[in-house]
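Subject: Handover of a structure, with notes

Hello,

I am passing this structure on to you. Please open it and keep it in view while you read the notes below.

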Amino acid sequence: MNNNRTVSDTKRSFYTIHTRPINSIYRRVVEELMVEMHLLSANVDFQYDPIYALGVVTAFDQFMLGYAPEADRLSIFNALCKSLEDDPDRYKRDAHRLESLAERLSGPELVSWLDRSTSFEDTGDLQASLAAIASNAQFKYSRLFAIGLFSLLEKADAEMVKNPETRNDAIAKVSAALHLPEDKVSKDLDLYRSNLEKMVQARIVLQDVIQAERKKREKRDTKVSASPTADSSDSSN
């Protein structure tokens, strides 16, 4: 991304690409993600990697769950990436590849792959990326990278991440191997899970509001259709 671009430039670009209005509770989610990605991309130490891409895709999919119409959700994601002068297909492609890898491994197998004690023939470039992260003292850690790691662990073994003890053990091993700030990773993931729960509650409230408005409208329409018109009154006399 052009480092001279401001957050306002990115927002302006986004709303030029995606021109339809965004539902209220989701607008803040989109703009916060946009700002976070902008600030990361503008950082001199930041480098795109597949785990970060998975974090972006996962965060977007989880927080935008239930967004309607579905076509707008795709448009919003594409605009998000393009506003940062990046390719949305690259994010989706790298995220899908990592998800496919995690789905064929057990939790312990995935952890051993992430800490590079196990390797697979078809993941040479991904393992090179892990090695580059581990050896880079200036690696720019981010919340989105942590979400990518969590998504991988969850895909491989959902029960492992539900259990605090096994989840924390996996995070500790991966953090040590990749030289990540373990405490920060754990806190970021705790906040992520908490925010997901809040978003679920917000969606429930939104659905209740929509249902209430629909019932009011239907009741009003029924009253209108049931009321005799002036013309019908005249014709009956």
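In which helix is Asp94 found? Asp94 sits in helix H5, residues 88-103. Helices here are DSSP runs of H or I with at least four residues, numbered from the N terminus.

Before going on, two points on the basis. This is a predicted model: local features need pLDDT of at least 70 and side-chain atom pairs count only at pLDDT 80 or more, while totals for chains, interfaces and linings use all residues. Residues are numbered from 1 along each chain as its sequence is written, and side-chain values use heavy atoms, with hydrogens and water left out.

Asp94 is buried, yet it has no salt bridge. Buried means under 20% relative accessible area, exposed means over 50%, and partly exposed lies in between (1.4 Å probe, protein chains only). A salt bridge needs a side-chain nitrogen of Lys or Arg within 4 Å of a carboxyl oxygen of Asp or Glu. The nearest side chain of opposite charge to Asp94 is Arg93, 4.8 Å away. For charge, Lys and Arg count as positive, Asp and Glu as negative; His and the chain ends are not counted.

What does the side chain of Asp94 make a polar contact with? Its partner is the side chain of Tyr48, at 2.7 Å. A polar contact is a pair of N or O atoms within 3.5 Å; within protein, one must be able to donate a hydrogen and the other to accept it, and residues adjacent in sequence count only if both atoms are side-chain atoms. Leaving aside residues up to four places away in sequence, Asp94 touches Tyr48, Pro50 and Ala53. Contact means heavy atoms within 4.5 Å.

H5 also meets helix H8, residues 143-156. Their axes come within 7 Å and cross at roughly 35°. Axes are lines fitted to C-alpha atoms, for helices over the stretch in contact, and angles run from 0 to 180 degrees between N-to-C directions. On the H5 side, Leu98, Glu99, Ala102 and Glu103 make the contact; on the H8 side, Leu152, Lys155 and Ala156 do.

**Salt bridges**

The structure holds 16 salt bridges. Here are some of them.

Arg20 pairs with Asp72, with the closest N and O atoms 2.7 Å apart. This pair links distant parts of the chain, 52 residues apart. Arg20 is in the loop between helix H1 (7-17) and helix H2 (24-42), and Asp72 is in helix H4 (residues 70-83). Arg20 counts as partly exposed because its relative accessibility is 46%. Asp72, at 8%, counts as buried.

Arg28 and Glu32 meet at 2.9 Å, N to O. Both lie in H2, four residues apart, about one turn of the helix. Arg28 is exposed, at 64% relative accessible area. Glu32 is partly exposed, at 45%.

Asp188 and Lys184 meet at 3.2 Å, N to O. Both lie in helix H11 (residues 182-226), again four residues apart. Asp188 is buried, at 9%. Lys184 is partly exposed, at 42%.

Asp61, Glu70 and Arg73 are linked in a salt-bridge network.

**H3 against H4**

The axes of helix H3 (residues 50-63) and H4 come within 12 Å and cross at roughly 145°. The contact uses Val56, Val57, Phe60 and Asp61 of H3, and Arg73, Ile76, Phe77 and Leu80 of H4.

**Loops**

Is His18 buried or exposed? His18 is buried, with a relative accessible area of 2%. It lies in the loop between H1 and H2. Its side chain reaches the backbone oxygen of Arg20 at 3.2 Å. His18 touches Asp72, Ser75, Ile76 and Ala79, not counting residues up to four places away in sequence.

Pro69 is in the loop between H3 and H4. A cis peptide bond joins Ala68 to Pro69, with omega about 0°.

Glu85 has a positive phi of about 60°, although it is not a glycine. Glu85 lies in the loop between H4 and H5 and is partly exposed, at 48%.

His179 has a positive phi too, near 60°, and is not a glycine either. His179 is found in the loop between helix H10 (164-178) and H11. His179 is exposed, at 59% relative accessible area.

Best wishes

How values were computed. Helices (H or I, at least four residues) and strands (E, at least two) are DSSP runs, numbered from the N terminus.
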